[in-house]
Amino acid sequence: MVTEEKVLSPQEGLQLISDAIAMTKENIRENSFPFLLWGWIVAMASFSFFLLQHYTGFEFYFLPFPVFGVVGIVATFIYHRRRIATSTISYFTDFFYKMWLVLGISFFAVVVINVSQNNVPFTYTLLIAAIGTTTSGLVMKFRPLVIGGILFFTAAITTVYIADEYKVLIHGVAFILGYLVPGYLLKYAVKLPHV
Amino acid sequence: MYSELDAMLNVPVRLAVVSILVKMKQADFNHLLEATNTTQGNLSHQIKKLNEAGYIEVEKTYKGNYPQTICRLTVKGRSAFQKYVEAIKKYLHL
């Protein structure tokens, strides 16, 4: 047990700093929550969009995206506020949140720009997901996320070669394979490298 | 003895707390307790001293119904840590 009274020699001080930093670890499994939340939200929005567009005459078939999106933003905001207020946060997690915040803003900007120009945005939203997922996987040293990111890149390129009406299906499947599968693997991972 | 070493930092628990906070944006009390392997009372005492010296800032909050203590390193604390490391290097001729 470490006690207060002891005064450190320079050698002991250096060793203590080294040991304390080496022991400092964060449970990066907690970072699985945003992948699970947004994986479910975007996958459900994508498949709902496809079903409404193909099998109903509903004029506002695109509504699942804004509706699910608002739910996701509110849930993310509440989760983030609670975690920031009560937990140990590493500089990596701080970077992780800020990177995904910027990518989230980019996601909505891409949707607005493409919809305004009457283009289907899914190729570009997949690319944004690919950037974030691959980067997260590389920084966490968690291979399933890296593979998920590569799947997003592949899906983005694939959408260029298929009809517009089916791009949203690729989008939904990509979010299941790229977010949900690695997200659950991250959540239940037994041992991960310290970040 | 070791007069160039900051007396506020040259004590095991306080140095461990500051070393952890150098790497973390913020750390809660339980995390520090586990990492320093000391008693709750001693850790509270050392956190109070670091806070009074302006080396760390302490935020009291709640996690559910349980009180939670969050610690963050201040600019003064980071600067003191850097000076402490430089002084150690000087002693050890590194």
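Trainee: Two strands pair if DSSP finds at least two bridges between them, so which residue stands opposite B:Lys63 in β3(B)?

Mentor: B:Tyr66 is the residue opposite B:Lys63, and the element names follow DSSP runs, where helices are H or I with at least four residues, strands are E with at least two, and both are numbered from the N terminus. Residues are numbered from 1 along each chain as its sequence is written, while chains are lettered from A and ligands numbered from 1 in the order in which they are written. Please keep in mind that this is a predicted model, in which local features need pLDDT of at least 70 and side-chain atom pairs count only at pLDDT 80 or more, while totals for chains, interfaces and linings use all residues.

Trainee: OK, how many bridges join β2 of chain B to β3(B)?

Mentor: There are 8 bridges between strand β2 (residues 56-63) of chain B and β3(B), and the two run antiparallel; B:Glu57, for instance, has B:Arg72 opposite in β3(B). The hairpin of these two strands leaves 2 residues between them, and there B:Gly64 takes a positive phi near 65°.

Trainee: And which strands make up the open sheet, in what order?

Mentor: The open sheet has 4 strands in the order β1(A)-β1(B)-β3(B)-β2(B), with antiparallel pairing. β1 of chain A and β2 of chain B stand at the edges with a single partner strand each, so one side of each has no neighbour in the sheet.

Trainee: What pairs with β1(B) in chain A?

Mentor: Strand β1 (residues 89-90) of chain A is joined antiparallel to β1(B) by 2 bridges, with A:Ser90 having B:Met24 as bridge partner and A:Ile89 standing opposite B:Gln26. Within chain B, strand β1 (residues 24-28) also pairs in the antiparallel sense with β3 (residues 66-73) over 2 bridges, where B:Ala27 is opposite B:Cys71.

Trainee: Switching topic, is B:Val17 buried or exposed?

Mentor: B:Val17, which lies in helix α1 (residues 12-23) of chain B, counts as buried because it has 28 C-beta neighbours inside 10 Å. The cut-offs are 20 or more other C-beta atoms within 10 Å of a residue's own for buried, 12 or fewer for exposed, and partly exposed in between, with C-beta atoms placed from the backbone.

Trainee: What does B:Val17 touch?

Mentor: Leaving out residues up to four places away in sequence, B:Val17 touches B:Leu32, B:Thr36, B:Gln46, B:Ile47 and B:Leu50. B:Val17 and B:Leu32 are 15 residues apart in sequence, with their C-alpha atoms 6.6 Å apart.

Trainee: And in chain A, at what angle do α6 and α7 pack?

Mentor: Helix α6 (residues 143-160) and helix α7 (residues 164-187) of chain A pack at about 175°, with axes 9 Å apart; axes are lines fitted to C-alpha atoms, for helices over the stretch in contact, and angles run from 0 to 180 degrees between N-to-C directions. The two helices are therefore roughly antiparallel, since angles under 35 degrees count as roughly parallel, over 145 as roughly antiparallel, 65 to 115 as roughly perpendicular and the rest as oblique. The residues of this contact divide into 13 nonpolar, 5 polar and 1 charged.

Trainee: Last one: what pLDDT does chain B average?

Mentor: Chain B averages 90, and 97% of the residues score at least 70, pLDDT being the predictor's confidence in each residue, from 0 to 100. For the complex, the predictor gives an ipTM of 0.83 and a pTM of 0.79.

Terms used. Pairing = 2+ DSSP bridges. Contact = placed C-beta atoms within 7 Å. Nonpolar A, V, L, I, M, F, W, Y, C, P; charged D, E, K, R; others polar.
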